[in-house]
Amino acid sequence: MYKDGQPILFHSEKVKELLALLVDRQGGYITTKEGAALLWPDEEMNDSLQARYRKVSMRLSETLSENGIEYIVDISTRKRRIVPENFDCDLYKYLNDPGKDKSKFPDTY
(Lines give C-alpha, C1' and ligand atoms only; values in the text may rest on other atoms or scores of the structure.)
Protein backbone atom coordinates (compact mmCIF):
# COMPACT_ATOMS: atom_id res chain seq x y z
CA MET A 1 0.00 0.00 0.00
CA TYR A 2 1.22 3.44 -0.93
CA LYS A 3 0.28 6.97 0.01
CA ASP A 4 1.58 9.80 -2.15
CA GLY A 5 3.98 7.34 -3.81
CA GLN A 6 5.55 6.24 -0.51
CA PRO A 7 5.09 2.75 0.95
CA ILE A 8 3.19 2.48 4.21
CA LEU A 9 4.97 0.48 6.90
CA PHE A 10 2.85 -1.88 8.99
CA HIS A 11 3.43 -3.02 12.58
CA SER A 12 3.22 -6.72 11.76
CA GLU A 13 2.43 -9.30 9.12
CA LYS A 14 -0.98 -9.92 10.71
CA VAL A 15 -1.87 -6.24 10.30
CA LYS A 16 -1.05 -6.50 6.58
CA GLU A 17 -3.00 -9.77 6.37
CA LEU A 18 -6.05 -8.11 7.91
CA LEU A 19 -5.85 -5.27 5.41
CA ALA A 20 -5.55 -7.79 2.56
CA LEU A 21 -8.57 -9.67 3.90
CA LEU A 22 -10.61 -6.47 4.01
CA VAL A 23 -9.56 -5.55 0.47
CA ASP A 24 -10.44 -9.07 -0.69
CA ARG A 25 -13.96 -8.68 0.69
CA GLN A 26 -14.44 -5.60 -1.52
CA GLY A 27 -16.53 -3.68 1.00
CA GLY A 28 -18.15 -6.62 2.77
CA TYR A 29 -18.05 -6.62 6.56
CA ILE A 30 -15.87 -8.99 8.57
CA THR A 31 -16.85 -9.73 12.15
CA THR A 32 -14.36 -10.16 14.97
CA LYS A 33 -14.98 -13.90 15.15
CA GLU A 34 -14.72 -14.35 11.39
CA GLY A 35 -11.55 -12.26 11.16
CA ALA A 36 -9.90 -14.14 14.02
CA ALA A 37 -10.78 -17.49 12.44
CA LEU A 38 -9.38 -16.41 9.07
CA LEU A 39 -6.14 -14.93 10.42
CA TRP A 40 -5.46 -17.86 12.75
CA PRO A 41 -7.19 -20.83 11.06
CA ASP A 42 -5.43 -23.50 13.11
CA GLU A 43 -6.35 -22.07 16.50
CA GLU A 44 -9.45 -22.69 18.56
CA MET A 45 -11.81 -19.76 18.87
CA ASN A 46 -11.71 -18.31 22.38
CA ASP A 47 -11.60 -14.96 24.16
CA SER A 48 -7.81 -14.79 23.88
CA LEU A 49 -7.86 -15.24 20.11
CA GLN A 50 -10.57 -12.63 19.73
CA ALA A 51 -8.53 -10.23 21.88
CA ARG A 52 -5.52 -10.83 19.62
CA TYR A 53 -7.66 -10.00 16.59
CA ARG A 54 -8.91 -6.79 18.23
CA LYS A 55 -5.28 -5.79 18.90
CA VAL A 56 -4.36 -6.37 15.25
CA SER A 57 -7.43 -4.36 14.22
CA MET A 58 -6.40 -1.53 16.54
CA ARG A 59 -2.88 -1.51 15.07
CA LEU A 60 -4.31 -1.36 11.56
CA SER A 61 -6.45 1.62 12.57
CA GLU A 62 -3.42 3.30 14.16
CA THR A 63 -1.30 2.79 11.03
CA LEU A 64 -4.00 4.17 8.77
CA SER A 65 -4.52 7.17 11.10
CA GLU A 66 -0.78 7.86 11.27
CA ASN A 67 -0.83 8.09 7.48
CA GLY A 68 -4.01 10.17 7.30
CA ILE A 69 -6.05 7.49 5.54
CA GLU A 70 -8.21 6.12 8.35
CA TYR A 71 -11.26 6.80 6.18
CA ILE A 72 -10.56 3.73 3.99
CA VAL A 73 -11.83 1.41 6.75
CA ASP A 74 -15.31 1.60 8.24
CA ILE A 75 -15.42 0.29 11.81
CA SER A 76 -18.72 -0.63 13.38
CA THR A 77 -19.41 -2.58 16.55
CA ARG A 78 -17.58 -5.91 16.24
CA LYS A 79 -17.15 -5.62 12.48
CA ARG A 80 -15.17 -3.67 9.92
CA ARG A 81 -14.95 -3.25 6.18
CA ILE A 82 -12.84 -1.53 3.58
CA VAL A 83 -14.54 1.40 1.85
CA PRO A 84 -13.66 0.74 -1.81
CA GLU A 85 -14.76 4.15 -3.06
CA ASN A 86 -12.30 5.88 -0.70
CA PHE A 87 -9.10 4.62 -2.32
CA ASP A 88 -7.58 3.49 -5.60
CA CYS A 89 -6.98 -0.27 -5.79
CA ASP A 90 -5.19 -2.00 -8.67
CA LEU A 91 -6.83 -5.33 -7.73
CA TYR A 92 -10.30 -3.85 -8.17
CA LYS A 93 -9.30 -2.35 -11.52
CA TYR A 94 -7.98 -5.73 -12.64
CA LEU A 95 -11.07 -7.62 -11.50
CA ASN A 96 -13.38 -5.14 -13.22
CA ASP A 97 -11.50 -5.07 -16.53
CA PRO A 98 -13.48 -7.24 -18.96
CA GLY A 99 -10.48 -7.47 -21.29
CA LYS A 100 -8.26 -9.31 -18.79
CA ASP A 101 -7.94 -13.11 -18.84
CA LYS A 102 -8.55 -14.13 -15.24
CA SER A 103 -8.64 -17.88 -15.89
CA LYS A 104 -5.12 -18.32 -14.51
CA PHE A 105 -6.16 -16.94 -11.13
CA PRO A 106 -8.42 -19.04 -8.91
CA ASP A 107 -10.99 -17.46 -6.60
CA THR A 108 -9.14 -18.66 -3.50
CA TYR A 109 -5.64 -18.18 -2.20
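Which residues does Leu60 touch, not counting residues up to four places away in sequence? The legends below take up this question and then move to other parts of the model, which is a predicted one.

**View 1. Leu60 and the largest nonpolar core.** Leu60 touches Phe10, Val15, Leu18, Leu19 and Leu22, when residues up to four places away in sequence are not counted. The largest nonpolar core has 24 residues, and within this core Leu60 and Ile82 touch the most other members. Two or more residues of this core come from each of the elements α1 (13-24), α2 and α3. The largest contribution to this core is that of α1, with six residues.

**View 2. The crossing of helices α2 and α3.** Helix α2 spans residues 32-39 and helix α3 spans residues 47-66. Their axes come within 9 Å and cross at roughly 95 degrees. Because angles of 65 to 115 degrees count as roughly perpendicular, α2 is roughly perpendicular to α3. On the α2 side, the contact is made by Thr32, Lys33, Gly35, Ala36 and Leu39. On the α3 side, Leu49, Gln50, Tyr53, Arg54 and Val56 take part. Sorted by class, this contact of α2 with α3 contains five nonpolar, three polar and two charged residues.

**View 3. Thr32 in helix α2.** Is Thr32 buried or exposed? Thr32 counts as buried, because its relative accessibility is 7% and buried means under 20%. Leaving out residues up to four places away in sequence, Thr32 touches Gln50, Tyr53, Arg54 and Arg78. Among these, Gln50, Tyr53 and Arg54 belong to the α3 side of the contact between α2 and α3. Arg78 belongs to the hairpin of β4 and β5.

**View 4. The open sheet of three strands.** The strands of this sheet follow the order β3-β5-β4, and the pairing is antiparallel. β3 and β4 are the edge strands, each pairing on one side only. Strand β3 (residues 30-31) is joined to strand β5 (residues 79-82) by two bridges. Ile30 has Arg80 as its bridge partner in β5, and Thr31 has Lys79. On the other pairing, four bridges join strand β4 (residues 73-76) to β5.

**View 5. The hairpin of β4 and β5.** How many residues lie between the strands of this hairpin? There are two residues between the strands, and Arg78 takes a positive phi near 60 degrees. Ser76 has Lys79 as its bridge partner in β5. Lys79 is also the bridge partner of Thr31 in β5. Arg78 is one of the residues that Thr32 touches.

**View 6. Ile72 in the loop between α3 and β4.** Ile72 counts as buried because its relative accessibility is 2%. Not counting residues up to four places away in sequence, Ile72 touches Met1, Leu64, Arg81, Ile82, Val83, Asn86 and Phe87. One of these, Ile82, is named with Leu60 as touching the most other members of the largest nonpolar core. Ile72 and Arg25 are 47 residues apart in sequence, and their C-alpha atoms are 13 Å apart in space.

**View 7. Glu17 in helix α1.** At 34% relative accessibility, Glu17 counts as partly exposed. The C-alpha atoms of Glu17 and Leu39 are separated by 7.3 Å, while along the chain the two residues are 22 residues apart. Leu39 is one of the α2 residues that meet α3.

**View 8. Positive phi at Asp4 and Gln26.** Asp4 lies in the loop between β1 (2-3) and β2 (6-7). Phi of Asp4 is near 55 degrees, a positive value in a residue other than glycine. Asp4 counts as exposed because its relative accessibility is 70%. Where is Gln26 placed? Gln26 is in the loop between α1 and β3. Its phi is near 50 degrees, again a positive value in a residue other than glycine. With a relative accessibility of 45%, Gln26 counts as partly exposed.

Definitions and conventions: Residues are numbered from 1 along each chain as its sequence is written. This is a predicted model: local features need pLDDT of at least 70, side-chain atom pairs count only at pLDDT 80 or more; totals for chains, interfaces and linings use all residues. Side-chain values use heavy atoms; hydrogens and water are left out. Two strands pair if DSSP finds at least two bridges between them. Axes are lines fitted to C-alpha atoms, for helices over the stretch in contact, and angles run from 0 to 180 degrees between N-to-C directions. Angles under 35 degrees count as roughly parallel, over 145 as roughly antiparallel, 65 to 115 as roughly perpendicular and the rest as oblique. Contact means heavy atoms within 4.5 Å. Ala, Val, Leu, Ile, Met, Phe, Trp, Tyr, Cys and Pro count as nonpolar, Asp, Glu, Lys and Arg as charged, and the others, Gly among them, as polar. A nonpolar core is a set of buried Ala, Val, Leu, Ile, Met, Phe, Trp, Tyr and Cys residues joined through side-chain atoms within 4.5 Å. Buried means under 20% relative accessible area, exposed over 50%, partly exposed in between (1.4 Å probe, protein chains only).
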